[in-house]
Amino acid sequence: MPAIVPRPFPNRRGYRAVFRHPLLKKKVVARGLGTEDENKAKAVCRDLSVLCGDEKYATALDKRSRELLGFEREALVIYYGKDRSAEIDNILHAGRKALADPDVTDILAAIEESTALAQVDKHETGVTWSEDDLASHFAQFLREFSPRRFKEMQDEIQGLKTKVKVLEPENDELKAENARLRRQQNLHVKISVQSAYEEWKKEYRGRAKITVAQATHAIDQFLKTLNKAGATPLGAIRPREVDAWVNGMKLENGADANPVTKKKNKAYLSTFLTWAFRRYDLVENPMDKAAPVPGYAHRAEKIIAIDRLEDIDTLLDGLKRRPYWQAWVAVAILAGPRWSEQVHLQLDDVHLDDNYIRIVNRSTHITKTGRERRVPIEQTKLKNILATYVERHRPTGTNWLFPSLAPEGKRPRTSSPQGVWVNCIFRNYWKDISRSAGKNKNVKSQPPTFWQYGPREWRHTFGTVLGMCGWNSLEIARVMGNNPAIADRHYIAATSAGKRWPFKW
């Protein structure tokens with residue numbers, strides 16, 4: 001709109017303003033300015049132009065002169081009328097009073113200075129300074145502060161939050177439906193199950209040969225039961241076809257397969273179909289709705305571990321004359337690395353000053369997890385044993401924390417690095433050590449059962465020790481690199497009664 005300018009009355013003294021009023025549906029109105037002073041009339045019209053939203057005078061909100069501020073009240077009366085203009089003037093007066101506060105003035109001055117510097121930096125470097133832009137917006141907000149407007153904004157925000165709560169469930173349903181419809185149109189779902197099977201076998205060959213052979217045999221038998229065999233579209237496999245294959249499963253001699261065999265072969269099929277569900281974005285995984293194997297009850301894993309505090313003391317004290325084996329067992333039962341992790345530990349992984357052992361997967365074969373974790377060093381037993389061992393072991397020149405004691409063969413290794421234990425050789429060495437260290441010369445009997453334990457039982461012992469020391473399932477799972485459900489099922493039950501064990505991490 002054009003600028004509002006004062007006009008003299010035709011037949012009497014004084015000035016008036018003629019403009020389109022935004023609140024009256026842009027109706028053209030004429031208002032007397034109540035003055036015969038031309039300069040005052042111009043000042044009132046400038047403030048009136050701002051109230052009407054004239055772009056030319058919009059910057060006056062930021063750069064308003066003292067003279068303009070003096071005639072703002074008259075402009076409000078012209079724009080809003082007498083009654084409402086008094087209420088608005090009180091609000092504006094409260095805002096001006098806040099701006100007159102020394103602390104606020106200092107803040108505004110600092111903001112204006114930083115904004116000016118930012119403008120120079122923008123000109124020289126071309127970099128957008130978002131912090132200064134935010135500071136500028138903050139200064140603008142302070143200048144235009146109004147308690148009524150603040151309350152209106154709070155009401156608007158609350159109303160929007162209410163709308164979001166109502167719309168969120170509906171939006172989630174629409175997203176799920178949209179994803180389902182898009183998956184139905186997925187071209188990969190229409191490829192043959194045989195093509196997907198060939199792709200899966202390329203990735204599955206990293207397992208043991210016997211496992212690969214059993215898995216491929218089970219899936220081949222399943223594909224034969226489909227109507228079009230391998231030519232069946234991947235997305236056409238349904239849970240009922242999986243159930244029919246499991247219930248009709250036969251052995252090579254024609255006899256019915258037992259529930260354990262059915263469960264194992266179904267698990268192989270589940271590995272393939274779950275891979276296909278993720279790889280090709282299937283509408284659903286058929287295994288999710290397949291029925292349980294009839295006659296098969298899930299057998300809980302039997303956790304064998306040292307569950308008496310005095311047995312742990314006996315085991316470690318019995319190995320005092322063998323520092324290598326004492327350190328190995330102490331790390332195994334009080335830090336809990338897996339076998340493949342412990343044989344690859346290096347001296348650099350032991351941080352005695354910072355009280356942690358860095359456990360990282362250095363093995364060449366596939367293990368449960370490749371994630372690195374830091375296990376705190378137990379302070380009452382493990383730290384002293386480990387510190388003594390490291391001090392004696394460092395001058396040997398090898399970087400492996402627990403190098404193999406067996407002589408190297410004539411041929412260089414290909415499956416594992418030189419100096420690292422092989423599983424069967426380690427067990428033979430430990431079997432001899434445990435017999436001699438655990439045998440009581442005064443009693444003619446076999447060593448206690450816990451002397452016959454190995455790396456698997458030692459790791460289970462670590463979880464049991466943590467549970468007996470009051471650790472919860474999430475804490476145990478993190479330090480062991482395990483699943484919280486497994487930790488809760490196997491280790492936490494031990495803490496339901498009795499006093500806590502005295503180990504400290």
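1. Helix α17 (residues 455-468) packs against helix α18 (residues 473-480) at an angle of about 145 degrees, and their axes lie 10 Å apart. Helices here are DSSP runs (H or I, at least four residues), and strands are E runs of at least two, numbered from the N terminus. Axes are lines fitted to C-alpha atoms over the stretch in contact, with angles from 0 to 180 degrees between N-to-C directions.

2. Please keep in mind that this is a predicted model: local features need pLDDT of at least 70, side-chain atom pairs count only at pLDDT 80 or more, and totals for chains, interfaces and linings use all residues. Residues are numbered from 1 along each chain as its sequence is written, and side-chain values use heavy atoms, without hydrogens and water.

3. Which residues make the contact between α17 and α18? From α17 come Arg459, Phe462, Gly463, Leu466 and Gly467, which meet Ile476, Val479 and Met480 of α18 (heavy atoms within 4.5 Å).

4. Three strands make an open sheet, ordered β1-β2-β3, with antiparallel pairing. Its edge strands, β1 (7-8) and β3 (27-32), each pair on one side only. Two bridges join β1 to strand β2 (residues 15-21), meeting the DSSP requirement of at least two bridges for a pair. Proline 8 has tyrosine 15 in β2 as its bridge partner.

5. On disulfides (cysteine sulfur atoms within 2.5 Å), the count is zero. Cysteine 45 is buried, at 1% relative accessible area, while cysteine 424 is partly exposed at 48%. Buried means under 20%, exposed over 50%, and partly exposed in between (1.4 Å probe, protein chains only).
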